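Dear colleague,

Please find below the structure that I am handing over to you. My findings on helix packing and aromatic residues follow it.

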Amino acid sequence: MVKHMRYREFVDWCNQRAANGEWGMNEAIKCIATMEIIRKEPFWRREAVWQNYYAPDIIFNIVQPINEMLKEKGK
């Protein structure tokens with residue numbers, strides 16, 4: 001179970017899901033929108049914005065459920 005994820009790890013996780021197709025359209029849209037918002041920030045603020053505003057919600061509602069689904073599938 002993921003409790004902490006850095007912004008760069010989140011981007012890598014999203015790229016892996018996009019490559020293997022193991023997520024739904026809503027999750028993909030939410031992740032892409034979040035990355036677009038954070039990329040508008042100066043590079044030195046991105047991690048703080050991610051941790052303070054987006055990480056708790058996205059990790060709990062998107063990353064953990066998809067990772068658990070993948071674990072059940074044996075991937």
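In this predicted model, helix H1 touches helix H2 through Tyr7, Phe10, Val11, Trp13 and Cys14. On the H2 side, the residues met are Cys31, Thr34, Met35, Ile38 and Arg39. Sorted by class, this contact comprises eight nonpolar residues, one polar residue and one charged residue. H1 covers residues 7–20 and H2 covers residues 25–39. Their axes come within 11 Å and cross at roughly 140°, and the crossing of H1 past H2 is left-handed.

H1 also packs against helix H3, which spans residues 46–73. Here the angle is about 35°, and the axes are 10 Å apart. The crossing of H1 and H3 is likewise left-handed. From H1, the residues taking part are Tyr7, Arg8, Phe10, Trp13 and Arg17. Their partners in H3 are Glu47, Trp50, Ile58, Ile62, Val63, Ile66, Asn67 and Leu70. This contact of H1 with H3 is made up of nine nonpolar, one polar and three charged residues.

I turn next to the aromatic residues. How many aromatic pairs does the structure hold? There are five. One of them joins Tyr7 and Phe10, with a centre-to-centre distance of 6.5 Å and 40° between the planes, a tilted arrangement. Tyr7 and Phe10 are three residues apart in helix H1, so about one helical turn separates them. Are these two residues buried or exposed? Tyr7 has a relative accessible area of 7% and is therefore buried, the cut-off for burial being under 20%. Phe10 is buried as well, with a relative accessible area of 0%.

Another of the pairs is formed by Phe43 and Trp44. The rings of Phe43 and Trp44 are arranged edge-to-face, 5.3 Å from centre to centre, with 85° between the planes. In contrast to the buried Tyr7 and Phe10, both Phe43 and Trp44 are exposed.

Finally, Tyr7 and Phe10 belong to one aromatic cluster together with Trp50.

With kind regards

Technical notes:
Residues numbered from 1 in each chain as written. Predicted model: local features only at pLDDT ≥ 70, side-chain atom pairs only at ≥ 80, totals over all residues. Heavy atoms only, no water. Axes fitted to C-alpha atoms, helices over the stretch in contact; angles between N-to-C directions. Helix = DSSP H or I, 4+ residues; strand = E, 2+ residues; numbered from the N terminus. Left-handed = near helix turned anticlockwise from the far one by under 90°. Contact = heavy atoms within 4.5 Å. Nonpolar A, V, L, I, M, F, W, Y, C, P; charged D, E, K, R; others polar. Phe/Tyr/Trp six-rings, centres within 6.5 Å; stacked < 30°, edge-to-face > 60°. Buried < 20%, exposed > 50% of the residue type's maximum accessible area, 1.4 Å probe, protein only.
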